[in-house]
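Please open the structure in your viewer and keep the selection panel at hand, as this tour moves from one selection to the next.

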Amino acid sequence: MIGINEQSKDEDIVEAVQQGQTEFFGLLVTKYEKAILRYAYKFLSQRQDIEDLVQDVFVKAYTNIQSFDLERKFSSWLYRIAHNTFINALKKRDKQPLLFFDADTLFPHPIAKEKSDTLIDEKQVKAMLDECLQKISIKYREPLVLYYLEELSYQEISDIMQIPVSTVGVRIRRGKEKVRLLCKGKGYEYK
Amino acid sequence: MNTNKTLADKIQKKIKSGQLKMKTKSYFILRTLLSVLAIVLILLASVFLLSFVLFILRINGIWLMPGLGIRGLMTFFVSLPWFLIIVGLLFLLALEFFVKKYTFAYRKPVLYSVVALILFVGLSSILIDRTSLHSGWMQKAGNNELPLMGNMYRGYRQMREHDAYVGVIKNIDQNSFELVDKDEQVLFVNITNQTRIFKRQVLQEGDLVMVMGELDNNKIEAFGIHKVEEDFRINYHPMFRHF
(Lines give C-alpha, C1' and ligand atoms only; values in the text may rest on other atoms or scores of the structure.)
Protein backbone atom coordinates (compact mmCIF):
# COMPACT_ATOMS: atom_id res chain seq x y z
CA MET A 1 0.00 0.00 0.00
CA ILE A 2 1.72 3.15 -1.20
CA GLY A 3 0.69 6.79 -1.49
CA ILE A 4 -1.43 7.03 1.65
CA ASN A 5 -1.77 10.62 2.78
CA GLU A 6 -4.29 13.06 4.28
CA GLN A 7 -6.16 13.22 0.97
CA SER A 8 -6.59 9.46 0.65
CA LYS A 9 -10.03 7.88 0.89
CA ASP A 10 -10.92 6.76 4.42
CA GLU A 11 -11.43 3.18 3.29
CA ASP A 12 -7.96 3.12 1.65
CA ILE A 13 -6.42 4.33 4.91
CA VAL A 14 -8.33 1.68 6.86
CA GLU A 15 -7.16 -1.01 4.43
CA ALA A 16 -3.56 0.06 5.02
CA VAL A 17 -4.07 -0.05 8.80
CA GLN A 18 -5.73 -3.46 8.53
CA GLN A 19 -2.70 -4.69 6.60
CA GLY A 20 -0.35 -3.60 9.37
CA GLN A 21 0.56 -0.05 8.49
CA THR A 22 -0.75 1.17 11.82
CA GLU A 23 1.04 4.52 11.58
CA PHE A 24 -1.74 5.72 9.25
CA PHE A 25 -4.42 5.37 11.92
CA GLY A 26 -3.42 8.84 13.16
CA LEU A 27 -4.70 10.31 9.86
CA LEU A 28 -8.18 9.02 10.66
CA VAL A 29 -8.02 10.40 14.20
CA THR A 30 -6.96 13.81 12.93
CA LYS A 31 -9.68 13.80 10.28
CA TYR A 32 -12.57 12.81 12.56
CA GLU A 33 -11.65 14.08 16.01
CA LYS A 34 -13.39 17.42 15.61
CA ALA A 35 -16.58 15.87 14.21
CA ILE A 36 -16.79 13.26 16.96
CA LEU A 37 -16.04 15.87 19.61
CA ARG A 38 -18.82 18.12 18.23
CA TYR A 39 -21.20 15.15 18.13
CA ALA A 40 -20.29 14.31 21.73
CA TYR A 41 -20.83 17.86 23.00
CA LYS A 42 -24.24 18.10 21.32
CA PHE A 43 -25.27 14.58 22.27
CA LEU A 44 -24.01 14.43 25.84
CA SER A 45 -24.39 18.05 26.90
CA GLN A 46 -22.19 19.26 29.75
CA ARG A 47 -19.86 16.52 30.92
CA GLN A 48 -16.38 16.52 32.34
CA ASP A 49 -15.33 13.34 30.56
CA ILE A 50 -16.21 14.16 26.96
CA GLU A 51 -12.61 14.18 25.76
CA ASP A 52 -11.96 10.85 27.46
CA LEU A 53 -15.05 9.40 25.79
CA VAL A 54 -13.91 10.66 22.39
CA GLN A 55 -10.51 9.08 22.97
CA ASP A 56 -12.32 5.90 23.92
CA VAL A 57 -14.16 6.00 20.57
CA PHE A 58 -10.87 6.03 18.64
CA VAL A 59 -9.35 3.37 20.87
CA LYS A 60 -12.35 1.10 20.16
CA ALA A 61 -12.15 1.94 16.45
CA TYR A 62 -8.51 0.85 16.36
CA THR A 63 -9.11 -2.29 18.44
CA ASN A 64 -11.97 -3.38 16.18
CA ILE A 65 -10.66 -2.14 12.85
CA GLN A 66 -10.30 -5.67 11.46
CA SER A 67 -14.10 -6.01 11.68
CA PHE A 68 -14.62 -3.05 9.34
CA ASP A 69 -16.03 -4.06 5.97
CA LEU A 70 -14.20 -2.07 3.30
CA GLU A 71 -17.35 -2.03 1.15
CA ARG A 72 -19.04 0.20 3.72
CA LYS A 73 -18.51 3.81 4.73
CA PHE A 74 -15.90 4.36 7.43
CA SER A 75 -17.53 7.52 8.82
CA SER A 76 -20.83 5.69 9.51
CA TRP A 77 -18.92 2.88 11.21
CA LEU A 78 -17.01 5.36 13.39
CA TYR A 79 -20.20 7.25 14.29
CA ARG A 80 -21.78 3.91 15.24
CA ILE A 81 -18.92 3.27 17.70
CA ALA A 82 -19.34 6.82 19.04
CA HIS A 83 -23.11 6.30 19.39
CA ASN A 84 -22.60 3.11 21.42
CA THR A 85 -19.90 4.69 23.58
CA PHE A 86 -22.04 7.75 24.36
CA ILE A 87 -25.21 5.73 24.98
CA ASN A 88 -23.29 3.50 27.41
CA ALA A 89 -21.87 6.57 29.17
CA LEU A 90 -25.36 8.04 29.50
CA LYS A 91 -26.76 4.76 30.80
CA LYS A 92 -24.00 4.56 33.37
CA ARG A 93 -24.64 8.11 34.52
CA ASP A 94 -28.44 8.07 34.50
CA LYS A 95 -28.76 4.36 35.31
CA GLN A 96 -31.38 4.09 32.58
CA PRO A 97 -32.38 0.62 31.42
CA LEU A 98 -31.85 -0.18 27.77
CA LEU A 99 -35.09 -0.37 25.80
CA PHE A 100 -35.13 -3.41 23.57
CA PHE A 101 -37.85 -2.04 21.32
CA ASP A 102 -39.00 1.49 20.84
CA ALA A 103 -42.57 2.00 19.62
CA ASP A 104 -41.25 4.18 16.74
CA THR A 105 -39.27 1.29 15.33
CA LEU A 106 -42.06 -1.30 15.47
CA PHE A 107 -44.37 -0.23 12.66
CA PRO A 108 -43.79 1.12 9.16
CA HIS A 109 -44.02 4.88 8.63
CA PRO A 110 -44.16 6.75 5.33
CA ILE A 111 -40.59 7.83 4.56
CA ALA A 112 -40.30 11.62 4.82
CA LYS A 113 -38.36 13.35 2.07
CA GLU A 114 -34.82 14.29 2.92
CA LYS A 115 -33.86 17.91 2.27
CA SER A 116 -37.47 19.04 2.39
CA ASP A 117 -36.44 22.23 4.24
CA THR A 118 -35.54 25.34 2.31
CA LEU A 119 -32.10 26.82 2.92
CA ILE A 120 -33.55 29.51 5.21
CA ASP A 121 -35.53 26.88 7.14
CA GLU A 122 -32.41 24.77 7.54
CA LYS A 123 -30.42 27.75 8.88
CA GLN A 124 -33.26 28.49 11.29
CA VAL A 125 -33.35 24.90 12.50
CA LYS A 126 -29.58 24.87 13.03
CA ALA A 127 -29.80 28.12 15.01
CA MET A 128 -32.64 26.73 17.10
CA LEU A 129 -30.70 23.53 17.70
CA ASP A 130 -27.78 25.52 19.06
CA GLU A 131 -30.12 27.27 21.48
CA CYS A 132 -32.57 24.60 22.57
CA LEU A 133 -31.11 21.20 21.72
CA GLN A 134 -30.26 20.23 25.29
CA LYS A 135 -33.88 20.58 26.34
CA ILE A 136 -35.17 17.71 24.21
CA SER A 137 -34.75 14.01 24.87
CA ILE A 138 -31.84 11.98 23.49
CA LYS A 139 -34.24 10.04 21.27
CA TYR A 140 -34.91 13.17 19.16
CA ARG A 141 -31.69 15.05 19.90
CA GLU A 142 -29.39 12.49 18.31
CA PRO A 143 -31.01 12.28 14.84
CA LEU A 144 -31.32 16.07 14.76
CA VAL A 145 -27.61 16.48 15.54
CA LEU A 146 -26.59 13.86 12.99
CA TYR A 147 -28.85 15.27 10.28
CA TYR A 148 -28.56 19.04 10.70
CA LEU A 149 -25.16 19.47 12.33
CA GLU A 150 -23.21 16.48 11.01
CA GLU A 151 -25.12 16.59 7.71
CA LEU A 152 -25.51 12.83 7.38
CA SER A 153 -28.20 11.15 5.27
CA TYR A 154 -31.19 9.22 6.66
CA GLN A 155 -29.54 6.00 5.55
CA GLU A 156 -26.32 6.82 7.40
CA ILE A 157 -28.26 7.80 10.53
CA SER A 158 -30.21 4.53 10.23
CA ASP A 159 -26.91 2.61 10.19
CA ILE A 160 -25.47 4.57 13.11
CA MET A 161 -28.51 4.25 15.36
CA GLN A 162 -29.58 0.87 13.93
CA ILE A 163 -33.17 1.95 13.54
CA PRO A 164 -35.37 1.84 10.41
CA VAL A 165 -34.82 4.59 7.84
CA SER A 166 -38.49 5.62 8.14
CA THR A 167 -38.08 6.01 11.91
CA VAL A 168 -35.18 8.40 11.32
CA GLY A 169 -37.54 10.62 9.29
CA VAL A 170 -40.25 10.42 11.96
CA ARG A 171 -37.84 11.34 14.78
CA ILE A 172 -36.36 14.25 12.84
CA ARG A 173 -39.85 15.62 12.09
CA ARG A 174 -41.06 15.20 15.66
CA GLY A 175 -37.77 16.48 17.08
CA LYS A 176 -37.95 19.58 14.90
CA GLU A 177 -41.48 20.22 16.15
CA LYS A 178 -40.37 19.86 19.76
CA VAL A 179 -37.44 22.22 19.22
CA ARG A 180 -39.79 24.72 17.56
CA LEU A 181 -42.14 24.67 20.56
CA LEU A 182 -39.28 24.93 23.04
CA CYS A 183 -37.65 27.77 21.14
CA LYS A 184 -40.81 29.79 20.70
CA GLY A 185 -40.02 31.84 23.78
CA LYS A 186 -36.62 32.70 22.38
CA GLY A 187 -37.98 34.52 19.38
CA TYR A 188 -37.57 31.80 16.74
CA GLU A 189 -40.47 31.40 14.37
CA TYR A 190 -39.62 28.44 12.19
CA LYS A 191 -42.67 26.90 10.55
CA MET B 1 -5.67 21.81 15.41
CA ASN B 2 -3.16 21.41 18.17
CA THR B 3 -5.64 19.30 20.14
CA ASN B 4 -6.19 17.09 17.08
CA LYS B 5 -2.53 16.34 16.83
CA THR B 6 -2.38 15.64 20.53
CA LEU B 7 -5.10 12.98 20.44
CA ALA B 8 -3.70 11.41 17.26
CA ASP B 9 -0.24 11.40 18.84
CA LYS B 10 -1.53 9.94 22.09
CA ILE B 11 -3.21 7.07 20.27
CA GLN B 12 -0.27 6.52 17.96
CA LYS B 13 2.02 6.39 21.00
CA LYS B 14 -0.18 3.73 22.60
CA ILE B 15 -0.15 1.72 19.36
CA LYS B 16 3.64 1.91 19.07
CA SER B 17 4.20 0.94 22.70
CA GLY B 18 1.92 -2.09 22.27
CA GLN B 19 -0.50 -0.77 24.89
CA LEU B 20 -3.20 -0.65 22.21
CA LYS B 21 -3.64 -3.75 20.09
CA MET B 22 -6.14 -4.52 17.37
CA LYS B 23 -8.18 -7.70 17.60
CA THR B 24 -7.37 -10.18 14.86
CA LYS B 25 -9.55 -10.84 11.82
CA SER B 26 -10.02 -14.45 12.94
CA TYR B 27 -11.55 -13.19 16.21
CA PHE B 28 -14.26 -11.35 14.26
CA ILE B 29 -14.80 -14.26 11.88
CA LEU B 30 -15.27 -16.58 14.87
CA ARG B 31 -17.64 -14.11 16.51
CA THR B 32 -19.74 -13.85 13.35
CA LEU B 33 -19.80 -17.64 13.00
CA LEU B 34 -20.93 -18.01 16.63
CA SER B 35 -23.62 -15.41 16.13
CA VAL B 36 -24.90 -17.19 12.98
CA LEU B 37 -24.72 -20.52 14.81
CA ALA B 38 -26.76 -19.06 17.69
CA ILE B 39 -29.40 -17.83 15.23
CA VAL B 40 -29.57 -21.23 13.49
CA LEU B 41 -29.79 -23.13 16.80
CA ILE B 42 -32.51 -20.88 18.23
CA LEU B 43 -34.36 -21.08 14.92
CA LEU B 44 -34.20 -24.90 14.97
CA ALA B 45 -35.25 -24.99 18.63
CA SER B 46 -38.21 -22.68 17.87
CA VAL B 47 -39.33 -24.86 14.95
CA PHE B 48 -39.00 -28.01 17.06
CA LEU B 49 -40.92 -26.47 19.95
CA LEU B 50 -43.77 -25.09 17.85
CA SER B 51 -44.12 -28.33 15.86
CA PHE B 52 -44.22 -30.19 19.19
CA VAL B 53 -46.98 -27.84 20.40
CA LEU B 54 -48.97 -28.55 17.21
CA PHE B 55 -48.39 -32.27 17.68
CA ILE B 56 -49.63 -32.37 21.28
CA LEU B 57 -52.63 -30.22 20.36
CA ARG B 58 -53.54 -32.92 17.86
CA ILE B 59 -52.86 -36.00 19.90
CA ASN B 60 -54.79 -34.64 22.85
CA GLY B 61 -57.67 -33.48 20.66
CA ILE B 62 -57.22 -29.91 21.94
CA TRP B 63 -57.47 -28.39 18.49
CA LEU B 64 -60.98 -29.81 18.04
CA MET B 65 -62.26 -27.91 21.08
CA PRO B 66 -62.87 -24.45 19.54
CA GLY B 67 -65.54 -26.11 17.34
CA LEU B 68 -67.59 -26.93 20.44
CA GLY B 69 -68.93 -23.49 21.34
CA ILE B 70 -67.84 -20.99 23.95
CA ARG B 71 -67.20 -23.64 26.59
CA GLY B 72 -65.07 -25.57 24.12
CA LEU B 73 -63.18 -22.40 23.28
CA MET B 74 -62.59 -21.64 26.94
CA THR B 75 -61.38 -25.20 27.57
CA PHE B 76 -59.14 -24.84 24.51
CA PHE B 77 -57.41 -21.77 26.01
CA VAL B 78 -57.08 -23.42 29.41
CA SER B 79 -55.66 -26.58 27.84
CA LEU B 80 -53.03 -24.87 25.69
CA PRO B 81 -49.47 -25.82 26.71
CA TRP B 82 -48.69 -22.31 27.96
CA PHE B 83 -45.27 -23.17 29.32
CA LEU B 84 -44.10 -24.32 25.88
CA ILE B 85 -45.75 -21.33 24.23
CA ILE B 86 -43.98 -18.89 26.59
CA VAL B 87 -40.63 -20.61 26.01
CA GLY B 88 -41.31 -20.37 22.25
CA LEU B 89 -42.02 -16.64 22.57
CA LEU B 90 -38.76 -16.18 24.49
CA PHE B 91 -36.93 -17.96 21.66
CA LEU B 92 -38.59 -15.60 19.20
CA LEU B 93 -37.50 -12.60 21.26
CA ALA B 94 -33.94 -13.93 21.36
CA LEU B 95 -34.03 -14.46 17.60
CA GLU B 96 -35.21 -10.91 17.02
CA PHE B 97 -32.43 -9.68 19.31
CA PHE B 98 -29.79 -11.42 17.20
CA VAL B 99 -31.34 -10.67 13.83
CA LYS B 100 -31.87 -6.95 14.40
CA LYS B 101 -28.11 -6.40 14.48
CA TYR B 102 -28.01 -7.09 10.74
CA THR B 103 -28.56 -4.34 8.16
CA PHE B 104 -31.37 -6.18 6.36
CA ALA B 105 -33.34 -6.30 9.64
CA TYR B 106 -32.77 -2.97 11.39
CA ARG B 107 -33.29 -0.80 8.31
CA LYS B 108 -36.91 -2.00 8.16
CA PRO B 109 -39.54 -1.73 10.92
CA VAL B 110 -39.31 -4.41 13.62
CA LEU B 111 -42.74 -5.67 12.59
CA TYR B 112 -41.36 -6.91 9.25
CA SER B 113 -38.62 -9.06 10.77
CA VAL B 114 -40.99 -10.35 13.48
CA VAL B 115 -43.62 -11.32 10.88
CA ALA B 116 -40.93 -12.93 8.67
CA LEU B 117 -39.64 -14.95 11.64
CA ILE B 118 -43.14 -16.01 12.70
CA LEU B 119 -43.99 -17.08 9.13
CA PHE B 120 -40.76 -19.02 8.75
CA VAL B 121 -41.05 -20.75 12.13
CA GLY B 122 -44.81 -21.34 11.68
CA LEU B 123 -44.59 -22.86 8.19
CA SER B 124 -41.55 -24.98 9.05
CA SER B 125 -43.34 -26.26 12.16
CA ILE B 126 -46.41 -27.26 10.16
CA LEU B 127 -44.15 -29.17 7.76
CA ILE B 128 -42.30 -30.90 10.60
CA ASP B 129 -45.61 -31.74 12.26
CA ARG B 130 -46.66 -33.52 9.05
CA THR B 131 -43.68 -35.85 9.29
CA SER B 132 -43.47 -38.83 11.62
CA LEU B 133 -40.76 -37.22 13.76
CA HIS B 134 -42.83 -36.49 16.85
CA SER B 135 -45.01 -39.61 16.69
CA GLY B 136 -41.85 -41.72 16.31
CA TRP B 137 -40.19 -40.03 19.25
CA MET B 138 -43.39 -40.27 21.26
CA GLN B 139 -43.38 -44.02 20.65
CA LYS B 140 -39.72 -44.25 21.66
CA ALA B 141 -40.45 -42.21 24.78
CA GLY B 142 -43.24 -44.65 25.62
CA ASN B 143 -40.76 -47.53 25.38
CA ASN B 144 -38.21 -45.58 27.45
CA GLU B 145 -35.90 -45.45 24.44
CA LEU B 146 -35.69 -41.67 24.23
CA PRO B 147 -33.12 -40.12 26.52
CA LEU B 148 -33.24 -36.42 27.49
CA MET B 149 -36.62 -35.57 26.00
CA GLY B 150 -38.42 -38.76 26.98
CA ASN B 151 -40.03 -37.16 30.03
CA MET B 152 -41.31 -34.24 28.00
CA TYR B 153 -42.98 -36.55 25.47
CA ARG B 154 -44.46 -38.79 28.16
CA GLY B 155 -45.69 -35.77 30.15
CA TYR B 156 -47.60 -34.32 27.23
CA ARG B 157 -48.85 -37.64 25.86
CA GLN B 158 -52.20 -37.49 27.53
CA MET B 159 -53.41 -34.22 28.94
CA ARG B 160 -56.63 -35.17 30.71
CA GLU B 161 -57.19 -31.95 32.63
CA HIS B 162 -59.39 -30.57 29.87
CA ASP B 163 -62.08 -33.29 30.19
CA ALA B 164 -61.84 -34.61 26.65
CA TYR B 165 -62.31 -38.30 25.91
CA VAL B 166 -61.73 -40.07 22.63
CA GLY B 167 -63.33 -43.36 21.69
CA VAL B 168 -65.67 -45.35 19.47
CA ILE B 169 -69.47 -45.12 19.81
CA LYS B 170 -71.33 -48.29 20.85
CA ASN B 171 -75.03 -48.89 21.73
CA ILE B 172 -76.26 -45.46 20.74
CA ASP B 173 -79.81 -44.18 21.33
CA GLN B 174 -81.28 -40.67 21.26
CA ASN B 175 -79.96 -39.52 24.60
CA SER B 176 -76.87 -41.59 25.28
CA PHE B 177 -74.19 -43.91 23.99
CA GLU B 178 -71.28 -45.94 25.21
CA LEU B 179 -67.78 -44.70 24.44
CA VAL B 180 -65.09 -47.35 24.20
CA ASP B 181 -61.61 -45.84 24.51
CA LYS B 182 -58.31 -47.30 23.28
CA ASP B 183 -57.84 -49.20 26.56
CA GLU B 184 -61.26 -50.87 26.02
CA GLN B 185 -62.62 -48.89 28.95
CA VAL B 186 -66.35 -48.16 28.55
CA LEU B 187 -67.67 -44.70 29.44
CA PHE B 188 -71.40 -43.82 29.42
CA VAL B 189 -72.13 -40.56 27.64
CA ASN B 190 -75.33 -38.56 28.21
CA ILE B 191 -76.55 -36.25 25.48
CA THR B 192 -78.72 -33.39 26.73
CA ASN B 193 -80.20 -30.22 25.22
CA GLN B 194 -77.02 -28.45 26.29
CA THR B 195 -74.78 -30.85 24.36
CA ARG B 196 -73.21 -29.20 21.34
CA ILE B 197 -72.53 -31.54 18.46
CA PHE B 198 -70.00 -30.07 16.06
CA LYS B 199 -71.71 -28.98 12.83
CA ARG B 200 -74.73 -31.04 13.94
CA GLN B 201 -73.00 -34.20 12.76
CA VAL B 202 -75.16 -37.34 12.77
CA LEU B 203 -73.64 -39.80 15.23
CA GLN B 204 -73.67 -43.51 14.47
CA GLU B 205 -72.42 -46.67 16.04
CA GLY B 206 -68.75 -47.22 15.16
CA ASP B 207 -67.97 -43.49 14.80
CA LEU B 208 -64.77 -42.27 16.37
CA VAL B 209 -65.56 -39.18 18.46
CA MET B 210 -64.10 -36.83 21.01
CA VAL B 211 -66.49 -36.20 23.88
CA MET B 212 -66.06 -33.24 26.19
CA GLY B 213 -67.55 -33.16 29.64
CA GLU B 214 -66.89 -34.03 33.25
CA LEU B 215 -66.31 -37.66 34.03
CA ASP B 216 -68.16 -38.93 37.10
CA ASN B 217 -68.15 -42.67 37.84
CA ASN B 218 -67.67 -43.67 34.21
CA LYS B 219 -70.45 -41.28 33.19
CA ILE B 220 -69.93 -38.18 31.11
CA GLU B 221 -72.44 -35.35 30.91
CA ALA B 222 -71.35 -34.23 27.42
CA PHE B 223 -71.21 -30.55 26.61
CA GLY B 224 -69.57 -31.18 23.27
CA ILE B 225 -69.08 -34.00 20.79
CA HIS B 226 -66.82 -33.87 17.76
CA LYS B 227 -66.54 -36.62 15.16
CA VAL B 228 -63.02 -37.60 14.15
CA GLU B 229 -62.68 -38.18 10.42
CA GLU B 230 -61.21 -41.43 9.07
CA ASP B 231 -58.36 -39.87 7.05
CA PHE B 232 -57.46 -37.71 10.01
CA ARG B 233 -57.44 -40.77 12.24
CA ILE B 234 -55.19 -42.73 9.92
CA ASN B 235 -52.84 -40.07 8.65
CA TYR B 236 -52.48 -37.41 11.22
CA HIS B 237 -53.46 -38.67 14.60
CA PRO B 238 -51.19 -41.36 16.04
CA MET B 239 -53.35 -41.81 19.12
CA PHE B 240 -56.42 -42.64 17.02
CA ARG B 241 -54.58 -45.34 15.11
CA HIS B 242 -55.31 -47.65 18.01
CA PHE B 243 -58.93 -47.88 16.91
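Begin by selecting the two domains of chain B, where the centres of domain 1 and domain 2, taken over C-alpha atoms, are separated by 31 Å. Domain 1 covers 25–155 and domain 2 covers 164–242, with bounds that come from an automatic or database domain assignment. This is a predicted model, in which local features need pLDDT of at least 70, side-chain atom pairs count only at pLDDT 80 or more, and totals for chains, interfaces and linings use all residues. Residues are numbered from 1 along each chain as its sequence is written, while chains are lettered from A and ligands numbered from 1 in the order in which they are written.

Next, look at where the two domains of chain B touch: 13 residues of domain 1 and 13 residues of domain 2 take part in the contact, two residues being in contact if their C-beta atoms, placed from the backbone, lie within 7 Å. On the domain 1 side, select helix H2 (25–59), helix H3 (69–79) and helix H7 (133–142) of chain B, the elements that each give two or more residues; helices here are DSSP runs of H or I with at least four residues, numbered from the N terminus. H3(B) gives the most to this side, with four residues.

Now turn to the two chains, where 28 residues of chain A are in contact with 19 residues of chain B. On the chain A side, select helix H2 (25–44), helix H3 (50–63), helix H5 (103–106) and helix H9 (165–183) of chain A, which each give two or more residues. H2(A) supplies the largest share of that side, six residues.
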